[in-house]
Amino acid sequence: METYNIPFCIDERLDALSKSKNSAVGPDDIHYQTLRHLPSETLNTLLNILNDIWITGNFPSSWRQSYVVPIPEPEKDTTNPTNYRLIALTSCVCKIMERMINNGLVWYLERNKIITPAQSGFRKGRSTTDQLVRLEPFVIEAFIQK
């Protein structure tokens, strides 16, 4: 079994929960603050449930639901429906699991050098500025070479 397929551990759950921002709740009405204040025994039960979902692939149907909230774009005509962006509020428990999966996959890809070093988008500690810095010598050389 690949390391990215093994069950989650307590540290992964704690890390995912600690990095969660206090966003609005989804259809399950479970807030991050509620999850942060659960006793450790209950959090361990939650970890067992998440591991069961991960191992069996039985994704809860309630996690496929969301509340869609229209947010008006700043300084635009609010009577025009196209001037709204939609925000989907989903289950906080589902988002914790998504974060745990993503962290594990990113760790695996980074550790095994599967992602090219030139990749900057969607990587911690990197940005479009890195690509601009990489591009600058090529542009200078092109001007020198005419």
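The second largest pocket of this predicted model has a volume of about 240 Å³. A pocket here is an open set of points on a 1 Å grid over the protein atoms alone, where a 1.4 Å probe fits, with protein on both sides within 12 Å along at least five of seven lines; lining residues have an atom within 4 Å of a point. Grid points are joined across faces, edges and corners, and the volume is the space filled by probe spheres set on the points. The lining of the second largest pocket consists of K19, R99, N102, N103, V106, E110, F122, R123 and K124. By class, 5 of these residues are charged, 2 are polar and 2 are nonpolar. Asp, Glu, Lys and Arg count as charged; Ala, Val, Leu, Ile, Met, Phe, Trp, Tyr, Cys and Pro count as nonpolar; the others, Gly among them, count as polar.

The largest pocket has a volume of about 280 Å³. Its lining has 14 residues, and E12, M100, N103, G104 and W107 lie nearest the centre. For the largest pocket, the classes are 9 nonpolar, 3 polar and 2 charged residues. Helices α1 (10–18) and α4 (92–111) each supply at least two residues of this lining, and α4 gives the most, with 6 residues. Helices (H or I, at least four residues) and strands (E, at least two) are DSSP runs, numbered from the N terminus.

Residues are numbered from 1 along each chain as its sequence is written. Local features need pLDDT of at least 70 and side-chain atom pairs count only at pLDDT 80 or more, while totals for chains, interfaces and linings use all residues, and side-chain values use heavy atoms, with hydrogens and water left out.

A salt bridge is a side-chain nitrogen of Lys or Arg within 4 Å of a carboxyl oxygen of Asp or Glu. The partner of K19 is D15, at 3.3 Å from N to O. K19 is partly exposed, with a relative accessible area of 41%, and so is D15, at 28%. On this scale buried means under 20% relative accessible area, exposed over 50%, and partly exposed in between (1.4 Å probe, protein chains only). K76 and E73 also meet in a salt bridge, at 3.4 Å from N to O. K76 is partly exposed at 45%, as is E73 at 26%.

Most residues other than glycine have a negative phi. E75 has a positive phi, near 60°. E75 lies in the loop between β1 (67–72) and β2 (84–89) and is exposed, at 86% relative accessibility. Phi of D29 is likewise positive and near 60°. D29 belongs to the loop between α1 and α2 (32–36) and is exposed, with a relative accessible area of 56%.

Helix α5 (residues 128–145) has 18 residues and reaches 26 Å from its first C-alpha to its last, close to the 26 Å expected at 1.5 Å a residue. The expected span is 1.5 Å times one less than the number of residues. A kink of about 30° lies at L135, shortly before the proline P137; the bend is the angle between axes fitted to the seven residues ending at a residue and the seven starting there. After α5 comes K146, with a positive phi near 60°. K146 is exposed, with a relative accessible area of 86%. K146 and A118 are 28 residues apart in sequence and 26 Å apart in space, C-alpha to C-alpha.
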